[in-house]
Amino acid sequence: MKLQVTGEQPVDAIDVTGGQQPTIIDVTAGTVTSVNGRTGAVTISSSDVGAPDWINAVQRGAHGDGIHDDTTAIQAAIDACQPGGIVYLPRGVYKTTATLDLKAGVTLLGSHSNLMLGPGMTGDDYPCYIQPQGPFTGSSVIQIVGEDDGIHPAISGEQRIINLMIDGSQLTGTAVDGLYAKGNVQNVVLEGVTIRQMPNNGIVTAPNSAGQYPFSWRMRHVMVDGCHAHGFLFTRMTDLTAIDCQAIGSWANGWVLTNLPNSEFTNCRAEWCGNHGFVVTGDWGSGTGSGGATFTGCSTDRNGWDGVHVNATGNGPLQFTSLMTRRDGRNGGAGGGGYAGLAANGATVPLIIGDWTNYPGVDDNGAGTNSPQYGGSFTNSTFVQVDNAYLHAATAGLKNGGGNTTLQCRNVTYATGATSSPARTTPQTSALGWVSVKDPAYGATGDGVTDDTAAIQAAINSLGSQGGTVYLPPGSYLLNGSSGLSISTNAVTLRGAGPEASKILIGSGFTGSTAISVTDSNAQVMDLSVNGASSTTASNPAAHGVTVSGARRLKVLGCQFWYLNGYAVRALATNAGSTTNPHGTQISNVRINQCAGGIHFLGNTTQGYAVNSFVTDVHIQQGGVATGSSANLDGIRIEDAWDVLVENAITWLQAGTGSALHVIGNCAASFIKNLDALGPNGLAPNVLVEDGANGSPQNVQISGGVIQQGTVGIKISGGAQHVHVDSLRIINNTGHGAQVDGTGAGIYFHKVFFSQSGQGATGTNYDINWSGTTTGHILNCRFSSPIVTTGTAGVQQTINVAAGQSVRVLAADFQGSGAASTNWFTNFPMVVTHVDGANMEHIGNLDFRLPTNARVSLRPVAAGNNALAINVNGSDSVDRYRLLGDGSQQYGTGAATRDTTWGRQGVAQIGTPDSDIIIGLAGKGLRIKEGTNAKMGTAVLVGGTKAVATTAVTATSRIYVTSNADGGTPGWLRVSTRTAGTSFTIQSSSASDTSTVAWMIVEPA
C-alpha cells in the first residue's frame, strides 16, 4: 500500500508497512503521525521516500478534463520519473498541444485503451486517452529520440507505453503522427496501445543524423485506427516482434515495412485501408547481417488495393504461414484493377507462402463489386513458392504476370466467381506431383496465339534442384520471343499429353537457336510435338527442336517434329568440364517430318569424342531443304562421335544435298542396324562415311535394311577403316551402288544385294566402284544389276577394282545379264576361290563354286618350304609366323629372325628344340593323367615300403617322391630299386611309416 500526500511537490510516495503497492490512498497534507514504525511528530526524509518511481500525472497538475492543456504537466511527470519508473494517467481525457518527449526507461501507463468505434457500436467513448488539439506544435503526439543532439542521449530505449490511447480526431489541417521514434532507440514495448484518427501516420520509425534506426521493439495488442496516411510506417526496424497488432481504416497503407530483418509478425491484421494492407518494400540486403521476416496467422480484409504487396529486394526469405486474405482489392467499391490478396511485383526476396486462404466478397452492407480480382498475382519476381492454399477470387485464383524466375505452387485449389457459386479447380499437379503449365501459377494458354515461353519457363523453374515433371496439357504453345525453353537443372521432364495433342510451336517472331535447350543431366522430353508454325519448312525461323549441350542422359521419347528449319534433335559435347558430353542420350519412338535436318551427334576433342548414345525406332520423312542457313542438313549425322548406336531407323530425304546417314570425322563404334535410307532424289550419297577435320571414322557397322536413291548408295572415302556393310540391299541409286575410294583398311561388304545401280543413265557406273588404296573383302554378295552400254540405265561392269588393289571377292553370286564372267571385274581381285596357272599373271579358268566336301590344301614343294606365313600389313622385316612343309611352326617378333620352334620331336613326342616352355599365368600349370602304367600317382607305404607297378619307368627315369599324407612314424623317402618297364620300390627310413606318398617320373630329353 502507498500513501500519496496531496499537495506535496514533488509528490511524496510513502510505503506503509505491510501495505501493497497497487493500492493508492490520497492523504491530505498535514502532520504525519507514523512512518516506518515511528510515532508522534515525525519528519519524512529522503531515506523514507526514495526516488519517485510511480508518478500520477494528475498530481503533477494534469486535469484530464479535455479542456485544460495538460502538455506541461504530463511532460513534467515524464521528466521527473526516474528510469524504470511509471508515469500514470488516471481515467480522463488529456488535452495536449505539443509533442511529448518520452525519456529512456520511462513507462507511460494509462488506465484503459479503447480499441475502436464502428458502425453499430456505442457512440460513447470511455474517457481515458490523450487527445492532441490545435493549435498543435510538433510533428507527433509522442516522440522517442535516440540521438546525441544535446537534449537526448545517443542511445535511448526501454520505454514502455501501456494501456494508453491517442485520439487525433481533433487535429485538422495538420500532418501529425501518433508515435514517432528516430535514431538508436532500443527495446521499446507497446502493449494495449490504440492510436486513432491521426492526420498523418499512426507509428513511424526514422533515422537520426547518424543514419541509425530504432530496433528490437515489442508490440502487443496495438491498434492503429483511421489514420489519414499509413498505419505502421517502419523502416529498418531490425528484430521487431508484433503480436495481435492491427491497422484498420488507414487512408493509405496499413503497414509499410522497409527492411525489417529478423522480425516476427503474429496474428497481425490490416483491414479497410485505402491502399495496400501490408507493403513489404525496400532493400532487405543480401549480406550476413540481413534477413527476412515471418508472418504467422496474419490476415487482411477489404483493403483498397492488394492485401499484401511485396516488391522488396534482397535474399532474405519472407515466410507467410496461415495467411488469410479476404475481400481485398476493393478499389473504391469497383473491384477489378488487377488487385490481389497477395501480390509480388519485382520482388527478389524469396517468398515462402504456406497454408494460405484467399476469399472474395463485397462490403459489409452488400454494396460494391466482388473482389479481389486475383487471389495471388506474381510478376517479375525471383522466387515464389506456394504450398497448401485455397485461392478463391473474382477472376482467377492466381495470375502469373510473367518474368518470374521461379514460381511453384503445390497442393493449391483455385476457385472463381461469386462466393455463393464458386467454380473450383484442383490442378492435375496436385494429384500427380506434376507441374502443369496451365496452372494459374504459370499461366500458359496453349492457344497457339499467345507467347507461352515465359509461362512454360516459369513452370520449369518452379521444380528447383530436385527436378520433376512439367506437364503440357493438350494445346498449342507458341514460342515467339528471343529465346526458347531452358532446362538447366537436373532431372527435369517436359511431357505432353501425346504428340498430336500437345504441341510447341516456333513462331515467325522466334529468334532463338533452339526451341528446347538442355544443359543439365537426366532431362526428358516426352509425348509432345515441336513444330514450325508454317507448313513451309524453309519459311520458318532457322532453329532446332531439342538441343542437349554439355549434359548427360537426355531422353527424347514418343515425340514428333514437323517443319523445323534446323535439326530436330542435337546432342553436343562441350569442353566445359570432364563430364560435359552427352553420354547416354536416348532418342526413341520419334517421328521427324519435313524438317531441314534429323538428328545430329557432335563430340568434342576434350571429351575424347565420347558420346555413347542411342537412337531407336525413328522415322525421318521428307527431310531436307535446299535454301537458307539450314540447307543441306543430314538425316542422321554422327560427327566426331564415338559409340553411337542406331537401330530401326527410316531416314528419307527429299531436298538439299545432305545424306540420309552421314558418319564424318573421328568416329568409332558407330553401329547401325535395320536402316531404311533414301537419298535426296539422287542429289548426294545416300550413306556417306568420310573424313572430317578431326580424323577418320573407324569400326562402322551397317547391318540390315535398304539403301536407295542416292547419287551413290554408300560412299566410303578418306581414311575410314573397318567399315562393315552387312545383310542389306543397295538398290535404285543413280550412280554406283557402292563407292570405296579412300586409304583405310578393312572395308567389308557381306551378304549385300546390289540391284539397279546406275539409274542416272550417264557415265560409267558399277555396283561396286573400288579405287584408292583401301583394302577389304566382298563376301557372299549378290549382284543383279544388268550390264548395259554407257548412257543406259544400269551398270557397265559389276565390280570395278583399281589395278593392284588388295580386295578379296569370295562366294559372289552374279545373275541376270551380268552373269558372264567377262562382266564381273574390270581388274581381277587378289583372292578368288580357284585359279588355274602358276601365279596371278597367268589367269586361267575361274570357278567360284566349291563342290561338296571340298577342302583347302597347302602343298609346299619341300618339307622346308613355307606352307603359310604371317606378316603384319606386309611391313614386318621378317615373317612373324611360318608353317613349314614338315608341320613345324616358327615364331618371331617380326623385326628379327624367328627364334622359337614348336613341332614333332620324335615318336609320339611334341615340343620345342630351342625354347623354354613357360606357363605365364598364375594359377595355370602342368597337369598329368594318373592311372595304370602312368607317370604320376600315389602309393601307401606298408611297413615303410611299397612297390609301384608301372611300365612307364625306365632305367634313366628321374623319380620324385614326397609325402602326400603322413601316417605312422614318417621317415625320409627314397627309391630303393627299379625294374625298367615293370616297377620301382619306395623305401622309408622308418619301418613303421604308413604315409601316402606322391610320386612322379620325368625322362631326360
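**Note on the predicted model: ring pairs and parallel strands**

1. Ring pairs join Phe232, Phe234, Trp255, Phe265, Phe278, Phe295 and Phe320 into a cluster. The model is predicted, and the points below should be read with that in mind. The aromatic pairs in the chain number 17.

2. Among these pairs is that of Trp255 and Phe278, which is stacked, with 5.4 Å from centre to centre and 15° between the planes. Trp255 belongs to strand β22 (residues 255-258) and Phe278 to strand β25 (residues 278-281), so that the pair links distant parts of the chain, 23 residues apart. Trp255 has a relative accessible area of 0% and is therefore buried. Phe278 is also buried, because its relative accessibility is 2%, and the cut-off for buried is under 20%.

3. A further stacked pair is formed by Phe295 and Phe320: the ring centres are 4.5 Å apart and the planes stand at 10°. Phe295 is in strand β26 (residues 293-296) and Phe320 in strand β29 (residues 318-321), so this pair ties together parts that are 25 residues apart in sequence. Phe295 is buried, because its relative accessible area is 2%. Phe320 counts as buried because its relative accessibility is 2%.

4. One ring lies under a charge. The charged end of Arg196 sits over the ring of Tyr129, at 5.6 Å from the ring centre.

5. For the chain as a whole, the secondary structure consists of four helices and 83 strands. Of the 1005 residues, 50% are buried. The chain exposes about 42000 Å², and 50% of that area is supplied by carbon and sulfur atoms. Among contacts with a separation of 6 or more, 68% are between residues 24 or more positions apart.

6. Strand β44 (residues 502-506) has four of its five residues buried, so the strand is largely enclosed by the rest of the structure. Strand β41 (residues 475-479) pairs with β44 in the parallel sense, over five bridges. Within that pairing, Ser476 has Lys503 of β44 as its bridge partner.

7. β44 also pairs with strand β47 (residues 529-532), in the parallel sense and over four bridges. Here Leu505 stands opposite Asn531 of β47.

8. An open sheet of 12 strands, with parallel pairing, runs in the order β42-β45-β48-β51-β53-β55-β57-β59-β61-β64-β67-β70. Its edges are β42 (485-487) and β70 (797-801); each has a single partner strand, so one side of each is left without a neighbour in the sheet. On average, and with direction ignored, neighbouring strands of this sheet are turned by 5° against each other.

9. Strand β55 (residues 636-639) and strand β57 (residues 661-664) pair in the parallel sense over four bridges. The bridge partner of Ile638 in β57 is Val663.

Key. Residues numbered from 1 in each chain as written. Predicted model: local features only at pLDDT ≥ 70, side-chain atom pairs only at ≥ 80, totals over all residues. Heavy atoms only, no water. Helix = DSSP H or I, 4+ residues; strand = E, 2+ residues; numbered from the N terminus. Buried < 20%, exposed > 50% of the residue type's maximum accessible area, 1.4 Å probe, protein only. Contact = heavy atoms within 4.5 Å. Areas by Shrake-Rupley, 256 points an atom, 1.4 Å probe, with all protein chains shown as cover. Phe/Tyr/Trp six-rings, centres within 6.5 Å; stacked < 30°, edge-to-face > 60°. Lys NZ or Arg CZ within 6 Å of the ring centre and 35° of its normal. Pairing = 2+ DSSP bridges. Axes fitted to C-alpha atoms, helices over the stretch in contact; angles between N-to-C directions.
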